[in-house]
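Open the model in your viewer and keep the selection tool ready. This tour moves from one selection to the next.

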Amino acid sequence: MAHGPGGWAGASPGMLGLGQAAASPDAIGWSCRPEILLPLSVLLALHGVGWWRLSSRSHSRVPTWRLVSGVAGIGAAGVALLSPVDHLADDLFFVHMVQHLLLIKVAAPALLLADPLPVVLWGLPAAARVGVGHLLARRAPLRVAWQALTWTPVAWLTYALTLWLWHLPAAYEAALTHRLLHDAEHVAFFGAGLLFWWPVIAPGPHLRARAHDGARIVYLVLATFQEAMLGLILTVVPWVLYPSYALAPRVLALSAQQDQTWGGIVMWAAGGAIDMLVVLALLFRLLGRPELPALGGRPEAQARVSGR
């Protein structure tokens, strides 16, 4: 049986043939995949240039923490997809869960907390900025579609279906075997993460009224329950759900069953902890701490998009 997007032939240091020794730590390094590195680099550059332009034009300086948040989100995506985490995820299920956690629970919300639209738009040349502005104008097809996708029930259901469907053994095994499908899985998780966190953080453009803090708490708690259910299944099921990991070289002193158990723990414990931290922040606001900063973008940031 094939293992990993490159198969057993050893296309990458983290994917070795059956019976071969695990890769040495020196062989498991950072990847240089232009199709990932280039978009992340461009986004990072746009973020930096846009933040500088907005800060220099604005009477009230754009908060530095938003720049830091955006850089952290891009960095988390880079760590998930280009660092040794990506190599080790081919042989260790629990590392694969850490990789997904970085995309869904770290990179996606950190980018949205940066309120990236005004910043990225101001990083573009003027002509491109005007063109993108037309795409996001009221009643523009792209804006209407995004408004529908970020409606709270749709965002929640899309996220839950993405999580469960990609963890079905047939889909998961197919992604381990085919590189393009594996990349599609990561895009799906990151996109579902953006949709999921959008109603909670509410960055610009503000497509609808911000949800009440109580509604956002319920939204997160329900999501945590379904994540915990999937994680619990992975933790307690008494057989290896994904045969490729049973055939993979043992990089650590963990059996395939133990590896799967730890993967389930990562999902429901670490993922749930992040959700509950956000719930606590929303509870503070709900219980009368208005001095806490809002999660989403500020209305005045939207005015800067048009250059007013």
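Select α1, α2 (64-82), α4, α5, α6 (126-135), α7 (141-149) and α10 (179-201): each of these gives at least two residues to the lining of the largest pocket. Helices here are DSSP runs of H or I with at least four residues, numbered from the N terminus. A pocket is an open set of points on a 1 Å grid over the protein atoms alone, with protein on both sides within 12 Å along at least five of seven lines; lining residues have an atom within 4 Å of a point.

This is a predicted model, in which local features need pLDDT of at least 70 and side-chain atom pairs pLDDT 80 or more, while totals for chains, interfaces and linings use all residues. Residues are numbered from 1 along each chain as its sequence is written, and side-chain values use heavy atoms, without hydrogens or water.

Stay with the pocket. It holds about 1100 Å³ of space, a volume being what probe spheres set on the points fill, with points joined across faces, edges and corners. Its lining counts 34 residues; centre the view on Leu 43, Leu 111, Pro 116, Phe 190 and Leu 194, which lie nearest its centre. α1 gives the most, eight residues. By class, the lining has 27 nonpolar, four polar and three charged residues. Nonpolar means Ala, Val, Leu, Ile, Met, Phe, Trp, Tyr, Cys and Pro; charged means Asp, Glu, Lys and Arg; the others, Gly among them, are polar.

Next, select α1 (residues 34-57) and α5 (residues 116-123). Their axes come within 6 Å and cross at roughly 95 degrees. Axes are lines fitted to C-alpha atoms over the stretch in contact, with angles from 0 to 180 degrees between N-to-C directions. So α1 is roughly perpendicular to α5, a term for angles of 65 to 115 degrees.

How many cavities of 30 Å³ or more does the structure hold? There are three. In a cavity, a 1.4 Å probe fits but cannot get out. α4 (93-113), α8 (152-166) and α13 (256-286) each give two or more residues to its lining; α4 has the largest share, five.

Finish on His 100, which is in α4 and lines this largest cavity. At 4% relative accessibility, His 100 is buried (under 20% relative accessible area, 1.4 Å probe, protein chains only). Among the residues that His 100 touches are His 167, Glu 185 and Phe 189.

Terms used: Angles under 35 degrees count as roughly parallel, over 145 as roughly antiparallel, 65 to 115 as roughly perpendicular and the rest as oblique. Buried means under 20% relative accessible area, exposed over 50%, partly exposed in between (1.4 Å probe, protein chains only). Contact means heavy atoms within 4.5 Å. Lists of a residue's contacts leave out its neighbours within four places in sequence.
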